[in-house]
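Let's take a walk through this structure together, one region at a time. Have the viewer open and follow along.

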Amino acid sequence: MKGTTLTRAELCEAVHEEVGLTRQDCAELVERTLDLMAQALELDEQVKLSGFGVFQVRAKRARMGRNPKTGEPAEIEPRRVIGFRASQVMKARIDRALEG
C-alpha cells in the first residue's frame with residue numbers, strides 16, 4: 001500500500017496477502033463489505049467499526065452562501081452528507097504515527 005490514496009485494488013491485494021483467499025474472492029469480499037456499508041447509510045443507519053470509527057449520515061439545513069465566480073448570494077439547498085468520526089483508538093494510532 002503505497003502512495004497517498006488507498007484504492008479498492010490495493011485493499012483487495014492487502015486482504016489477499018493477509019488472509020490467503022483468491023484475488024477474486026478478496027475482491028468480492030471488499031465489494032460486498034462496501035455495499036453493505038452503503039446500504040446501511042442509505043437507510044440512515046450508523047456504520048460503527050470498533051477501533052476504527054463511525055460513519056453516519058447528517059442532514060444539513062438550507063443556508064445562504066455565495067457564488068464564487070460572481071460573489072452574489074445564493075441559497076444552498078438542504079442536503080444529506082456522510083460524516084466520519086474516528087474512534088479514540090484510531091486517533092491514538094494516528095498520533096503515534098505522527099510522532100515517530
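A residue is called buried when its relative accessible area is under 20%, exposed when that area is over 50%, and partly exposed in between, using a 1.4 Å probe and protein chains only. With that in hand, Ser87 counts as buried, because its relative accessible area is 17%. Before going on, please note that this is a predicted model, in which local features need pLDDT of at least 70 and side-chain atom pairs count only at pLDDT 80 or more, while totals for chains, interfaces and linings use all residues. Residues are numbered from 1 along each chain as its sequence is written, and side-chain values use heavy atoms, with hydrogens and water left out.

Let's stay with Ser87 for a moment. Ser87 sits in the loop between strand E5 (79–86) and H3; helices (H or I, at least four residues) and strands (E, at least two) are DSSP runs, numbered from the N terminus. A polar atom of the Ser87 side chain lies 3.2 Å from the backbone oxygen of Gly51. A polar contact is a pair of N or O atoms within 3.5 Å; within protein, one must be able to donate a hydrogen and the other to accept it, and residues adjacent in sequence count only if both atoms are side-chain atoms. Setting aside neighbours within four places in sequence, Ser87 is in contact (heavy atoms within 4.5 Å) with Gly51, Phe52 and Gly53.

Next comes helix H3 itself, residues 88–99. One of its twelve residues is buried, so H3 lies largely in the open. Its end C-alpha atoms are 17 Å apart, which agrees with the 16 Å that twelve residues should span at 1.5 Å a residue; the expected span is 1.5 Å times one less than the number of residues.

Which residues of H1 are buried? They are Cys12, Val15 and His16. Seen down the helix axis, these buried residues fall within an arc of 100 degrees, so they line one face of H1; the arc is that of the directions from the helix axis to the C-beta atoms. Helix H2 (23–42) is included in what covers them, while Glu17 and Glu18 are exposed on the other side of H1.

A polar atom of the His16 side chain lies 2.6 Å from the backbone oxygen of Leu21. Not counting residues up to four places away in sequence, His16 touches Leu21, Thr22, Arg23 and Cys26. After H1 comes Gly20, with a positive phi near 90 degrees.

Finally, consider the largest pocket, with a volume of about 310 Å³. On a 1 Å grid over the protein atoms alone, a pocket is an open set of points where a 1.4 Å probe fits, with protein on both sides within 12 Å along at least five of seven lines, and lining residues have an atom within 4 Å of a point. Grid points are joined across faces, edges and corners, and the volume is the space filled by probe spheres set on the points. Among the lining residues are Val15, Leu34, Phe52 and Phe55. H1 and H2 are the elements that give two or more residues to this lining, and H2 supplies the largest share, five residues. Leu34 belongs to H2 and counts as partly exposed, because its relative accessibility is 30%.
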